[in-house]
Amino acid sequence: MSDGTATTTDLDVRLEKHRVELTGYCYRMLGSSFEAEDAVQDTMVRAWRSYEKFEGRSSLRSWLYRIATNVCLDMLTAGNKRARPMDLTDSTPLAQAALSPRPDSTWLEPMPDVRVLPTASDPAEAAVAKESVRLAFMAALQQLPPKQRAVLILREVLAWKASEVAELLDTSVASVNSALQRARATLADSEGGAADAAVSDPLDEEQQKLLERYVAAFEGYDMAALTALLHEDAVMTMPPFDLWLCGTPDITGFMTTLGAACAGSRLLPVQVNGLPGFAQYKPDPEAGGFTPWAVQVLEISDGRLTGFHFFLDTKRWFPLFGLPLHLEAEADEIE
């Protein structure tokens with residue numbers, strides 16, 4: 001009995017070592033934070049139940065990826081493609097802005113870096129991993145058929161050999177190479193794939209200062225200061241609403257009209273989708289202090305903000321990021 005328990009514990013430990021990288025893989029495949037974690041849990045359960053049949057002809061890691069791939073492909077058979085607002089509609093002029101929500105299953109979802117990016121000793125490897133979970137790249141992945149998506153992630157992101165991918169997918173090397181070529185062509189045609197490619201890892205001094213200025217401008221609700229930080233074609237999105245705005249006049253105009261309740265907000269830094277981000281808390285007039293409002297994801301290029309994306313479903317996102325559901329007002333604010 002004790003030997004069996006020890007073996008079970010050992011297997012649990014060995015499986016858990018792969019949880020973060022498998023979550024990253026499933027997240028890239030599915031575009032959903034919660035579906036990715038469900039897929040990994042399903043993978044772990046299947047692996048645990050069928051471990052006696054594992055013959056060791058491949059590594060445990062390869063075997064887990066095979067299971068995870070099958071789980072994801074099964075989940076993708078419905079053909080659902082996660083998207084950003086700009087993938088679905090044209091931008092809306094401020095004068096016509098209306099907040100129309102769509103179901104959760106519509107949207108590409110944010111993900112904390114710590115849940116999908118394993119610690120990498122190689123800086124180049126870490127940079128590729130971060131780039132491959134950025135919103136623009138994730139949105140481009142959603143344009144690929146499921147098997148092409150798997151091939152591209154395994155070959156380009158995880159650096160598997162074509163022969164290894166062919167074995168995992170029970171296909172030929174020629175088929176893998178063909179799928180990769182088609183996937184690359186689709187990604188090359190996707191707009192916005194390099195929108196945030198200029199983000200350094202770690203952020204350089206100029207980018208750090210840009211974020212500090214952004215926090216000061218947003219918390220002070222200083223539209224002139226914010227305008228100075230935004231690219232003229234900057235984009236603002238607010239899932240689950242399909243509205244998105246383009247250009248500083250419409251963005252700042254929205255923030256001072258429909259979004260005016262965000263004045264006086266507080267921002268806490270978060271690491272999300274390989275990009276800088278913030279948890280936004282807005283003033284709570286009833287309970288005092290601050291209440292969760294959004295997880296913000298920022299895109300930077302050429303020293304300016306090219307996009308900021310507000311994920312508003314705080315009951316889902318704040319627990320996922322381990323964020324408090326209330327902030328107390330500081331003493332000087334109470335006075």
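Where does Ala159 lie? Ala159 sits in the loop between α9 and α10, where helices (H or I, at least four residues) and strands (E, at least two) are DSSP runs numbered from the N terminus. This is a predicted model, in which local features need pLDDT of at least 70 and side-chain atom pairs count only at pLDDT 80 or more, while totals for chains, interfaces and linings use all residues. Residues are numbered from 1 along each chain as its sequence is written, and side-chain values use heavy atoms, with hydrogens and water left out.

**The α9 and α10 pair**

- Two packed helices are described by the angle between their axes and the distance between the axes.
- Helix α9 (residues 146-157) packs with helix α10 (residues 162-169) at an angle of about 145°, and their axes are 10 Å apart; the axes are lines fitted to C-alpha atoms, for helices over the stretch in contact, with angles from 0 to 180 degrees between N-to-C directions.
- From α9, Val151, Leu154 and Arg155 meet Ala162, Val165, Leu168 and Leu169 of α10.
- The residues of this contact divide into six nonpolar, no polar and one charged (Ala, Val, Leu, Ile, Met, Phe, Trp, Tyr, Cys and Pro count as nonpolar, Asp, Glu, Lys and Arg as charged, and the others, Gly among them, as polar).
- Arg66, in helix α4, touches Glu167, Leu168 and Asp170, leaving aside neighbours within four places in sequence; contact means heavy atoms within 4.5 Å.
- Arg66 and Glu167 are 101 residues apart in sequence, yet their C-alpha atoms are 9.1 Å apart in space.

**Backbone points to look for**

- Ala159 has a positive phi of about 60° although it is not a glycine.
- Ala159 counts as exposed, at 61% relative accessibility (buried means under 20% relative accessible area, exposed over 50%, and partly exposed in between, with a 1.4 Å probe and protein chains only).
- Asn273 also is not a glycine and has a positive phi, of about 50°; Asn273 lies in the loop between β3 (266-272) and β4 (275-283).
- Asn273 counts as buried, at 1% relative accessibility.
- The peptide bond from Pro239 to Pro240 is cis, with omega near 15°, and Pro240 lies in the loop between β1 and β2 (241-246).

**Cavities and the residues around them**

- Rolling a probe the size of a water molecule over the atoms shows where empty space is left.
- A search of the whole structure finds two cavities of 30 Å³ or more; on a 1 Å grid over the protein atoms alone, a cavity is a set of points where a 1.4 Å probe fits but cannot get out, a pocket is an open set with protein on both sides within 12 Å along at least five of seven lines, and lining residues have an atom within 4 Å of a point.
- The largest cavity has a volume of about 80 Å³, where grid points are joined across faces, edges and corners and a volume is the space filled by probe spheres set on the points.
- Its lining includes Asp104, Trp107, Leu108, Pro239, Pro240 and Phe311, and by class the lining has six nonpolar, no polar and four charged residues.
- The second largest cavity holds about 70 Å³ of space, and among the residues that line it are Leu108, Thr237, Pro239 and Phe311.
- Leu108 is in the loop between α5 (85-88) and α6 (113-116) and is buried, with a relative accessible area of 3%.
- Thr237 lies in strand β1 (residues 230-238) and is buried too, with a relative accessible area of 2%.

**The largest pocket**

- The largest pocket has a volume of about 370 Å³.
- Of its 19 lining residues, the closest to the centre are Pro118, Ala120, Glu125, Ala126 and Ala129.
- The elements that give two or more residues to this lining are α2 (19-30), α4 (60-75) and α7 (123-131), and α7 gives the most, with five residues.
- The lining of the largest pocket divides into 11 nonpolar, two polar and six charged residues.
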